[in-house]
Amino acid sequence: MSELNEQQKKKVGKSTIIIIVVLCVLIPAVVVLAVLHRGNMEERLELQAAGEFLVTAGEDTINVSISDLLHIGAVRVSSSPRGEQRNFTGVPLVHILNHFGVDYSGAGAVVFTSLDGFVTAISIGEALDETNTFIVFEEDGEPLGTREDGGRGPYMIVVALDPFPNRWARYLMEVTLQ
């Protein structure tokens, strides 16, 4: 019986050491990531305040504004996620990429990053379908607003052909071709 207790004590001792080592590694990692994210968040808030988002392909990054979108040509797009009709104003992503001469020939996916840290991705084929992927800035003729004022923008990704809005991204900050 005492032999069993000694084995249990050794296991508990080893488990405690493992937990302490893991915590000693994780805590500094979390602190470093939080500091890095804070700097990134400041940049993102500046972008939002300027009414811009980024398009990144390889080493090239382009700032895109509402005036750019209006110049490219906004369209009305309707989608019915979960059977609910929604009407937006925006620009097909492929038109934005073409307008700025973004080389998407080697890309396999497009990743969307939001101010709140949400990340979603779609295939390049879906992104290049001008009836499917839109960067929108209005719903029912009204600006989307910012996160701070209770809105969902100023920009949002709408994947119009999806039956559910799981891959839609509010508070869009960056579009990255990978």
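Arg152 comes out as partly exposed in this predicted model, with a relative accessibility of 22%. Its side chain meets that of Glu139 in a salt bridge, N to O at 1.9 Å. Look at where the two sit: Glu139 is in strand 7 (residues 133-139), while Arg152 is in the loop between strand 8 (142-143) and strand 9, so the bridge links distant parts of the chain, 13 residues apart. Glu139 itself counts as buried, at 14% relative accessibility; the cut-off for that label is under 20%. Arg86 joins in here too, as Arg86, Glu139 and Arg152 are linked in a network of salt bridges.

Now move over to Arg167. Which side chain does Arg167 meet in a salt bridge at 2.6 Å, N to O? That one is Glu126. Arg167 lies in the loop between strand 9 (156-159) and strand 10 (172-177), and Glu126 belongs to helix 4 (residues 124-128), so this pair ties together parts that are 41 residues apart in sequence. Is each of them buried or partly exposed? Arg167 is partly exposed at 21% relative accessibility, and Glu126 is partly exposed as well, with a relative accessible area of 24%.

Asp162 counts as buried, its relative accessibility being 13%.

To put these contacts in context, a search of the whole structure turns up four salt bridges.

Key. Residues are numbered from 1 along each chain as its sequence is written. This is a predicted model: local features need pLDDT of at least 70, side-chain atom pairs count only at pLDDT 80 or more; totals for chains, interfaces and linings use all residues. Side-chain values use heavy atoms; hydrogens and water are left out. Helices (H or I, at least four residues) and strands (E, at least two) are DSSP runs, numbered from the N terminus. Buried means under 20% relative accessible area, exposed over 50%, partly exposed in between (1.4 Å probe, protein chains only).
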